[in-house]
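Keep the 3D view open as you read.

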Amino acid sequence: MANLALRNLARNRRRTLLSVGIVALGCALSLVVLGFVERSRSLIQETTVLQFGNLQIADPDLLDGKAEGFGYLISPSTRERVEGLVRAEAGVKGTTVQLSLSGLLAVRRTTAVVRAVGVVPENGVLDYNDLVVEGRGLRPGDVGAVLVGQTLAEELGLRVGDFVNLTATTVAGAFNVSPLEVVGLFRFSSAEVERSQVFVPLEFAQLLLATDGVDRIVVRLDRLARTWSAARAIGRRLASAGIPLAVRTWDVLSPFYRGLSGFFDLLFGFLIAAVFVLVFFVVLQILTLSFLERTREIGTIRALGTRRREVFRLFLQEGFWLGTIGGAVGALAGIALALLFNAAGIPWQPPGTVQPVTLGVDFTGAVVLVPLVVSVLSTLLSAILPAYQATRVSVVDALRAV
Amino acid sequence: MAQAGFCYVSGAPVLEAQRLTKVYPMGQEQVRALDRVDFTALQGDFAVINGPSGSGKTTLLNLLALIDRPSEGEVLFEGQPTSRLSEGELALIRRAKIGLVFQTFNLIPVLSAAENVEYPLLLTKTPRRERKERVAAILAEVGLAGFERRRPDELSGGQRQRVALARALVTQPRAVLADEPTANLDSATGKQIMELLQGLNRDHCVTFLVVTHDPAVIPYAQRVLTIRDGRLQGEERRGEPGTP
């Protein structure tokens, strides 16, 4: 029967080539676009991890935005215990800490409410200085230095070398104010962050709040894929040690990535659905024509004793072969197109980064397999109606067909 | 069974029509294509059903071939009533025990002569080696050795009908039913085909039932039944098959 199905496809070569071509085109285009989306997604993943780390460990209320007072601060002794537990986990490249505070940034007669993130300069885990587009980054030994987002700098009329005052409330509830020199301007993936966030040295943040604590421990791992298993393992270690801190992964921490990833998923789904519908209707039309042309032949094979389900299977096999051949040709063509695209080396600067990256197409298993499987499934589904018609026709009527 | 070139009929009924009636709706009217036909074909019979166009002979053949169902009456195959059998059960009988020959040959155009003949054996799941042997033997018997790889469009009308005959016989059926097997052939080729049918009937002892309006076919028959307006008008027994 498989042989007969293939021969039937070969009987009208032009029509079969047309349908194989359409299946192949759909498969190739979706492979390239899906591969492109996957590469873009992975570039943005890498960028996001550079900004947030793979994991952040902090008080659950702080991570959920429900913290009040300074009860969320992690003391030096707890920090040391947590870092010890984290380093025991496989694949951990390093850790750093942050301390964020809300304050009032004043320059001349203008003020802005900001979130100042106290970071360890050149910590080897997160490179905030990578975001700097003007001036310089923070350096070890800096205390009274600040990196300001480009949007905020424009709004306040700030330039590199200007001085600002940052006012905040200490953990004891007193007001504290300290001057800072704007050493650099940075860009970020979100305009909101650029408008409301500044980076200061950790030491400055601790002095301003009058504390030796930090609010989060940032963890970098050797591989992105290890993120979620490491988060679970570290969470278990913390719980066993009785430390009431929570672990969050980078994808949860970055609203920008969550939004973009959702958009990519939508694009992925839309494209696959479009290919599915295109292939479905084209193959449906072709197999319906084929059924009408072969009605008498169907009558003959039914008269010879071919059962209805065997005729049904014959048509399904024709759909399967159309999908498989078209899908395979499409996958090969798509890979060839993608290799050409990768060889072209088109540069792109992801939002919130300074260093441009090279656009390309990733060949993950899903990128190659999903369009292929969709091609086969859609041709199989489109074969169902003509296959059903072929089984319902009366043998005598079919034998009379011209 | 085959002795001295003749098939000695055992008398066992292979196909029986009992008060077989077929009515077709045609607008408001009901057209009675067959009207209470009784008929029995015995093993080894070579029967011709003769009648003009529209007399109901093809309808009768379709019912006896189990590809159509009667409005009333019953078809018995080897004594077994068939009216209550499912489509699938009827298909199983057809593939194993009934050979069909059509007026327009009805070969599958994408398959070679050998593959066309092999097709029913694929349905009966005959082992590959046996399939090949049986196909080669039957093609040789119908005079088509050397034509195995030819597609139907590379064969003459007579050769195509020989392939169709080989396809009908390859499963070693109990009955071969042929609908106007000479209608699309010239008279010389038609004569060759009828001689072949007669020889196969003798050699295989298979029941042959041929419907035709071609008078040249009648001399080959052992039994000649005449049908008119859906009713069997009479039967002429001609004894053992003879040559015209």
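Predicted model: local features only at pLDDT ≥ 70, side-chain atom pairs only at ≥ 80, totals over all residues.

The size of an interface is often given as the accessible area lost when the parts come together. Here, chain B and chain A bury about 2,000 Å² between them, and 58% of that area is on carbon and sulfur atoms.

Side chains of opposite charge can pair when their charged atoms come close. Between chain B and chain A the count is 3 salt bridges. For a view of a salt bridge, look at Glu115(B) with Arg7(A), where the closest N and O atoms are 2.5 Å apart.

Now let us turn to the helices of chain B. Helix α3 (residues 113-123) and α5(B) have axes that come within 7 Å and cross at roughly 25°. An angle under 35 degrees counts as roughly parallel, and α3(B) and α5(B) are therefore roughly parallel to each other. The crossing in which α3(B) passes α5(B) is right-handed. From α3(B), the contact is made by Ala113(B), Asn116(B), Val117(B) and Pro120(B), while α5(B) contributes Val163(B), Ala166(B) and Arg167(B). Sorted by class, this contact of α3(B) with α5(B) has 5 nonpolar, 1 polar and 1 charged residues.

Helix α5 (residues 157-169) of chain B also packs against helix α6 (residues 187-204) of chain B, with axes that come within 10 Å and cross at roughly 20°. That angle makes α5(B) roughly parallel to α6(B). Here too there is a right-handed crossing, as α5(B) passes α6(B). The α5(B) side of the contact is formed by Gly158(B), Gln161(B), Arg162(B), Leu165(B) and Leu169(B), and the α6(B) side by Thr189(B), Gln192(B), Ile193(B), Leu196(B), Leu197(B) and Leu200(B). By class, the residues in the contact of α5(B) with α6(B) are 6 nonpolar, 4 polar and 1 charged.

Over in chain A, how do the axes of α10(A) and α12(A) cross? Helix α10 (residues 255-293) and helix α12 (residues 308-344) of chain A have axes that come within 11 Å and cross at roughly 140°. That makes α10(A) oblique to α12(A). The crossing of α10(A) and α12(A) is right-handed. Val283(A), Leu287(A), Ser290(A) and Phe291(A) of α10(A) meet Phe315(A), Glu318(A), Gly319(A) and Leu322(A) of α12(A) in this contact. The residues of the contact between α10(A) and α12(A) divide into 5 nonpolar, 2 polar and 1 charged.

Stepping back to the whole structure, a search finds 35 salt bridges over all chains. In one of them, the side chains of Glu155(A) and Arg195(A) meet at 2.8 Å, N to O. Glu155(A) lies in helix α5 (residues 150-156) of chain A and Arg195(A) in helix α6 (residues 191-196) of chain A, so this pair ties together parts that are 40 residues apart in sequence.

Finally, a look at the backbone. Most residues other than glycine have a negative phi, and most peptide bonds are trans. Ala210(A), which is not a glycine, has a positive phi of about 60°. You will find Ala210(A) in the loop between α7 (202-209) and β9 (216-221) of chain A. In chain B, Cys205(B) has a positive phi near 55°. Cys205(B) sits in the loop between α6 and β10 (207-212) of chain B.

Note on methods. Residues numbered from 1 in each chain as written. Chains lettered and ligands numbered in written order. Heavy atoms only, no water. Axes fitted to C-alpha atoms, helices over the stretch in contact; angles between N-to-C directions. Helix = DSSP H or I, 4+ residues; strand = E, 2+ residues; numbered from the N terminus. Parallel < 35°, antiparallel > 145°, perpendicular 65-115°, else oblique. Left-handed = near helix turned anticlockwise from the far one by under 90°. Contact = heavy atoms within 4.5 Å. Nonpolar A, V, L, I, M, F, W, Y, C, P; charged D, E, K, R; others polar. Buried area = accessible area lost by both parts, 1.4 Å probe. Salt bridge = Lys/Arg side-chain N within 4 Å of Asp/Glu carboxyl O.
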